[in-house]
Amino acid sequence: MFPRPIQQRSQAAQWIYSIALPLALILWLFPLLGVAVTSVRPASDLAQGNYFGIPSYLAFENYADVFRNTPMLQYIRNSFIVTIPTVIGAVALSLMTGFALAVYRFKANLLIFFMFVAGNFVPFQILMVPVRDMTLNLGLYNTYAGLALFHIAFQTGFCTLFMRNFIKALPFELIEAARVEGVAEWRIFWFIVLPLMRPAIAALSVLIFTFIWNDFFWATVLTTSPDAQPITAGLSSLNGQWVAAWNLVSAGSILAALPPVAMFFLMQKHFIAGLTLGAVK
Amino acid sequence: MVHKLTGAFALGAALMLSTAAFAQQRVLTFTTDNNDPAPKAAWEQLVADFEAENPDIDVQMNIMDREGYKTAIRNFLTTDPPDVANWYPANRMKPFVDAGLFLDISDVYTENGLDKQLASTMPIVTQDGKQWMIPYTYYQWGIYYNKSVYEQVGATVPTTWDEFIANCEKFKAAGIDCLTTGSSQLWPTAGIFDYLNLRTNGYEFHKALTNGEIPWTDDRVRATFAEWAKVVPYTTANHAAIDWQDAVPLIVQGKAANYVMGNFAVAAFKEGGMTNDTLGFLPFPTINPDVPRAEEAPTDAVFIPAGAKNVPDAKKFMAFVARADVQTKLNEALGQLPVNSGSKVGDDPFLQAGFQLLSTTPGGIAQFFDRDAPAEMAKAGMEGFQQFMIQPDQLDAILTRLEQVRGQVYK
């Protein structure tokens, strides 16, 4: 069995393990810890130069200020309005493309599949100017739809790769058996393949949700106002004209990080199942 | 402005006004980068006052992040311009006026007699003989100092540069940085340069230099840097690694004595626990007594984009913002100085000092290096200033490079 349980190792190895693990954990969590502590640090501490010490008091009002000073609720709402349709759209589209590419043999199959994969290798920064111009010409600039449509288009490439390989790994006999029974192709997709894809759908949804929620680049390129800006772009509005309010930005960042974290914990079972499914035959 | 709208509707219902009145309301869109809590509240108040005076106009305010605004403005002025927006006068306004993106508002000036009331800023809002912006606030720059450390080392408040440098010896002996700054974002260095140059060579020279009319390798520029070299050894050593607000604790803790900064820093000093008793303000000391005293006072202004949809109401808004009483109220909330000569100033000692300083300036009012000089020149210049503060012996190389940039930028 791999990895070998630590209890079976030598005494020395167990010692090193029990020292190194917390150490690595602290090192790993240190930046997050810094953000968490800064989020309850009063602004006066920062002006006095107390950046890394114990906060003089726990300023939970920072969290209230985040909502008071900026339309944070609106930003959070925007993030959901952009993220949820994107997850649904990208997963739904890629299920269909994945099914087509995995189940049907046709001439350009591999070529089309490679095109989906190749899309992932296009650095999205070079798309900035054309995509901005396109959304502008379509009248989708600074709207939810503009942002969500682009995300769906861009994420479908990766999702198709994921789904196609997943469906490919399913026993093809299931589909053949259904065909022998004369089941229509769309019913095969709906009643045979889709239920088997549930772990993959869950895993991919969590992944895409996190990707889109955390997207900062397109949020700043395609949106300009609190009407449509997601929270990642909205966080910078916590900074003042002169003063960078690190305590407020930290508090806002923690709020912004909550939904993907919650999503992960809620879907953890599916997530791990999705990642390891098909690993052991 | 959702809550504001709801408020208006609730009020409307309470007053039993017909909903038809609201349907007739004309919309005025106003995009601004005043996203700090205090300026934001000040502008929301101004908008509410304007709406109270003009019940038929509904102002929709769109607040953007300050840094993002600098790039976003190019974008929204060409794509979906608001009816009113804010920006900076003088050189920062020039490329937009040249590109035809600003609306000529000379008529607002003549109809309201603003050329007299806003006389001090007329030169910086005028281009091609027309006025393009309404300035609503400015604030002074100068030296903010820790009174306690002055007492501690027995230094007197200097009026000349020689006295200032003499004090630096005392601070150094006590292990205190005579001058502090945080130059990681470059712009604080420009405040130091501007003042040294204004005091050494005067406003006209400074204006000509930032306009690209004088070579950077000129001996008079070298004279400015020679004065700067005197204070470099007494400046906070790691200034390039810290932001301006990271240097504030050094003054608060008494690890540094003087800070060349704008008046907005007062709020940060006070946040750190300083009071009017421990924080002092002194005008930048005299270097060349023959040069008329000039000051630095960056000015903020509003304008109407050329593509504005509701121009008549936008002009009403312009005239409103220019009014003396409106500027008094706005600047009380902003904690800055009103531009209208008929306005009053709050009783804050730093504002009073600033008002005193600016209203008696004989030499001229500079806008700050990154506003007076074109963007590319400003960037190269500030990089040069920062390098000079770290490697003063590289002056020749720095000036040669700036001169090259000048050759490329001003054509």
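I began with the domains of chain B, where 7 residues of domain 1 are in contact with 6 residues of domain 2. I noted that this is a predicted model. By class, the domain 1 side of that contact in chain B has 3 nonpolar residues, 4 polar residues and no charged ones. I then looked up the bounds. Domain 1 of chain B is made of 2-137 + 299-356, and domain 2 of 141-296 + 374-409. I took the centres over C-alpha atoms and found 32 Å between domain 1 and domain 2 of chain B.

**Chain B as a whole**

I listed the secondary structure next. Chain B has 21 helices and 13 strands. The C-alpha trace of chain B spans about 75 × 50 × 35 Å along its principal axes. I counted burial too, and 47% of the 411 residues of chain B count as buried. For contacts in chain B with a separation of 6 or more, residues 24 or more positions apart account for 77%.

**Two positive phi values in chain B**

I looked up backbone angles. B:D128 is not a glycine, yet its phi is positive, at about 55°. Where does B:D128 sit? I placed B:D128 in the loop between β4 (126-127) and β5 (130-131) of chain B. Is B:D128 buried or exposed? It counts as exposed, because it has 9 C-beta neighbours inside 10 Å, and the cut-off for exposed is 12 or fewer.

B:L186 is the other entry. Its phi is near 70°, again a positive value in a residue other than glycine. I found B:L186 in the loop between β8 (177-180) and α11 (187-201) of chain B. With 18 C-beta neighbours inside 10 Å, B:L186 counts as partly exposed.

**Chain A as a whole**

I turned to chain A. It has 14 helices and 0 strands. What does the radius of gyration of chain A say against the globule rule? I read 24 Å, well over the 19 Å that the rule gives for 281 residues, so chain A is more spread out than a compact globule. Its C-alpha trace spans about 75 × 65 × 30 Å along the principal axes. Of the 281 residues of chain A, 36% count as buried. I also checked contacts in chain A between residues at least 6 apart in sequence, and 75% of them join residues at least 24 apart.

**Domains of chain A**

I noted the division of chain A into domain 1 (6-64) and domain 2 (68-276). Their centres, taken over C-alpha atoms, are separated by 32 Å. The contact takes 11 residues from domain 1 of chain A and 9 from domain 2 of chain A. Which elements give two or more residues to the domain 1 side of this contact in chain A? I found α1, α2 and α3 (61-69) of chain A. The residues of that domain 1 side divide into 7 nonpolar, 3 polar and 1 charged.

**Helix α1 of chain A**

I followed α1 (residues 11-38) of chain A from end to end. It has 28 residues and reaches 40 Å from its first C-alpha to its last, close to the 40 Å expected at 1.5 Å a residue. I also found a kink of about 50° in α1(A) at A:F30, shortly before the proline A:P31. α1(A) is hardly covered, and the count of buried residues among its 28 residues is 1.

I picked out A:G34, which is placed in helix α1 of chain A. A:G34 counts as partly exposed, with 14 C-beta neighbours inside 10 Å. I took the distance to A:Y51, 17 residues apart from A:G34 along the chain: their C-alpha atoms are separated by 9.3 Å.

**Where chain A touches chain B**

I closed with the interface. Here 18 residues of chain A are in contact with 25 residues of chain B. Which helix gives the most to the side of chain A that touches chain B? I found helix α2 (residues 43-47) of chain A, with 3 residues. I sorted the chain A side that touches chain B by class: 7 nonpolar, 11 polar and no charged residues.

Key
Residues are numbered from 1 along each chain as its sequence is written. Chains are lettered from A and ligands numbered from 1 in the order in which they are written. This is a predicted model: local features need pLDDT of at least 70, side-chain atom pairs count only at pLDDT 80 or more; totals for chains, interfaces and linings use all residues. Helices (H or I, at least four residues) and strands (E, at least two) are DSSP runs, numbered from the N terminus. The radius of gyration is taken over C-alpha atoms; the globule rule is 2.2 Å times the number of residues to the power 0.38. A residue is buried if 20 or more other C-beta atoms lie within 10 Å of its own, exposed if 12 or fewer, and partly exposed in between; C-beta atoms are placed from the backbone. Two residues are in contact if their C-beta atoms, placed from the backbone, lie within 7 Å. The expected span of a helix is 1.5 Å times one less than its number of residues. The bend at a residue is the angle between axes fitted to the seven residues ending there and the seven starting there. Ala, Val, Leu, Ile, Met, Phe, Trp, Tyr, Cys and Pro count as nonpolar, Asp, Glu, Lys and Arg as charged, and the others, Gly among them, as polar. Domain bounds come from an automatic or database domain assignment.
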